[in-house]
Amino acid sequence: MRSHRSLEGELTLDHRYSPGVPDEIAVRQGLTPGAGKGLFESATITCHRCQAVVVLNPNRSRERAYCKRHDHFLCDACAVELRATGEQCVTWLDTIEEFAKRLDAGKSTADVRVPLVDPKPQPQPEATTTSIIVP
Amino acid sequence: MARYSLNVLSQTPAVTAGGGTATTVKYMGLLGGTSTQYLRVNEVQAGGEATSGAVIIYRMARASTNSATNSLSAGATNTLMDAVSTAPATAPAAFNTSTSPGVISASLVVIRHSFNAYGGLVRWQARQGEEITAYGTAVNLGELDYLGDTGCSTSATISAHIIYEAV
């Protein structure tokens with residue numbers, strides 16, 4: 001059985017021989033206060049919907065968004081968007097597969113949705129293209 | 001499958017805000033070699049070479065307009081990591097120089113971190129199966145760029161590598 005820890009990557013910030021990064025900058029990058037000083041190592045997760053890498057904060061008390069359907073974590077931005085729209089989660093790999101299928105079939109890829117770029121796709125005329133048009 | 005390491009040596013960062021155009025020789029880029037090539041980024045590392053404190057803010061983001069006519073500057077390399085690997089028929093485009101650099105997506109930022117170029121370094125490693133990926137040559141899907149964000153020092157130099165796999 002797979003554990004959630006098996007999904008984690010790792011971020012290392014090594015400032016043992018450096019003045020480091022002030023807290024106000026580190027926190028803006030999604031890190032915890034003090035992360036910019038000394039040796040900071042933390043687990044990361046990759047959002048399976050948009051592939052954003054999230055540095056896990058061990059002191060976080062809010063729940064971490066989790067997709068039961070795909071047994072993976074989501075970033076906060078994707079979680080908010082899914083809750084707001086009530087849509088089902090579509091993984092990044094599903095997005096790529098859909099894109100590849102349409103490419104193979106010579107169909108338009110214009111309305112394949114890339115998470116966080118085009119949340120409300122407009123119908124596009126059928127045409128063969130290899131690009132995604134962001135409305 | 002072929003695993004590559006894209007390296008840049010003593011590169012000076014430039015600030016590129018979301019929605020802005022990257023600056024040639026001041027970024028690192030990966031783009032599928034064909035319309036169906038799949039790239040998986042396993043590791044990103046950057047280390048500073050400054051002689052005084054300089055905060056570097058870098059992020060990897062997708063491109064809403066892809067870079068065109070890409071190459072590597074002197075000192076930058078893109079090398080197969082496994083001595084017995086065979087390169088794919090069409091190699092992925094790995095570059096830091098472009099006659100028309102890509103436009104960086106404001107929303108599709110996949111990783112962002114900061115470090116002090118005066119003795120500091122940053123490294124991110126993905127768990128197997130949890131890599132950052134790019135597919136083909138389509139905009140918003142095919143290109144990944146690693147470059148300076150708003151607030152990044154532009155006086156220090158950094159050296160960096162991206163380890164990725166072309167499938």
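I take contact to mean heavy atoms within 4.5 Å. With that rule I looked up Ser42(A), which, leaving out residues up to four places away in sequence, touches Gly9(A), Glu10(A), Leu11(A), Val55(A) and Leu56(A).

**Ground rules**

I note that this is a predicted model, in which local features need pLDDT of at least 70 and side-chain atom pairs count only at pLDDT 80 or more, while totals for chains, interfaces and linings use all residues. Residues are numbered from 1 along each chain as its sequence is written, chains are lettered from A and ligands numbered from 1 in the order in which they are written, and side-chain values use heavy atoms, with hydrogens and water left out.

**Chain A as a whole**

I found three helices and five strands in chain A, and from the N terminus on they run β-α-β-β-β-β-α-α; helices (H or I, at least four residues) and strands (E, at least two) are DSSP runs, numbered from the N terminus. Of the 135 residues in chain A, 46% are buried, where buried means under 20% relative accessible area, exposed over 50% and partly exposed in between, with a 1.4 Å probe and protein chains only. I also noted that, among contacts in chain A between residues at least 6 apart in sequence, 43% join residues at least 24 apart.

**Two buried residues of chain A**

I went back to Ser42(A) and placed it in strand 2 (residues 38-46) of chain A, where it counts as buried at 10% relative accessibility. A polar atom of its side chain lies 3.0 Å from the backbone oxygen of Leu56(A).

Thr91(A) sits in the loop between helix 2 (76-85) and helix 3 (92-104) of chain A, and I read it as buried, with a relative accessible area of 11%. Which residues does Thr91(A) contact, leaving aside its neighbours within four places in sequence? I found His48(A), Arg49(A) and His70(A).

**Aromatic pairs**

I counted six aromatic pairs over all chains; rings of Phe, Tyr and Trp (its six-membered ring) pair if their centres lie within 6.5 Å, and planes under 30 degrees apart count as stacked, over 60 as edge-to-face and the rest as tilted. The rings of Tyr66(A) and Phe73(A) have centres 5.5 Å apart and planes at 65 degrees, so I recorded this pair as edge-to-face. Tyr66(A) is partly exposed, at a relative accessible area of 30%, whereas Phe73(A) is buried, at 15%.

The pair of Tyr4(B) and Tyr164(B) is stacked, with 5.4 Å centre to centre and 15 degrees between the planes. Tyr4(B) lies in strand 1 (residues 2-11) of chain B and Tyr164(B) in strand 13 (residues 158-166) of chain B, so the pair ties together parts that are 160 residues apart in sequence. I noted that both Tyr4(B) and Tyr164(B) are buried. Ring pairs also link Phe99(A), Tyr38(B) and Tyr135(B) into a cluster.

**Where the chains meet**

I found 35 residues of chain B in contact with 41 residues of chain A. The area buried between them is about 3100 Å², of which carbon and sulfur atoms give 57%; buried area is the accessible area (1.4 Å probe) that two parts lose on being put together, summed over both.

Ala126(B), in the loop between strand 10 (121-125) and strand 11 (132-135) of chain B, touches Gly9(A), Val41(B), Asn42(B) and Glu131(B), not counting residues up to four places away in sequence.

**Salt bridges**

Side chains of opposite charge can pair when their charged atoms come close. I searched the whole structure and noted nine salt bridges over all chains, each a side-chain nitrogen of Lys or Arg within 4 Å of a carboxyl oxygen of Asp or Glu; across the interface of chain B and chain A the rule finds zero.

Arg5(A) bridges to Glu8(A), with the closest N and O atoms 2.8 Å apart; Arg5(A) is exposed at 58% relative accessibility, while Glu8(A) is buried at 12%.

In the salt bridge of Arg59(B) with Asp149(B) the closest N and O atoms are 3.7 Å apart. This pair links distant parts of the chain, with Arg59(B) in strand 4 of chain B and Asp149(B) in the loop between strand 12 (143-148) and strand 13 of chain B, 90 residues apart. I read Arg59(B) as buried at 1% relative accessible area and Asp149(B) as buried at 8%. Salt bridges that share partners join Arg59(B), Arg112(B) and Asp149(B) into one network.

Key. Polar contact = N/O pair within 3.5 Å; in protein donor to acceptor, adjacent residues only side chain to side chain.
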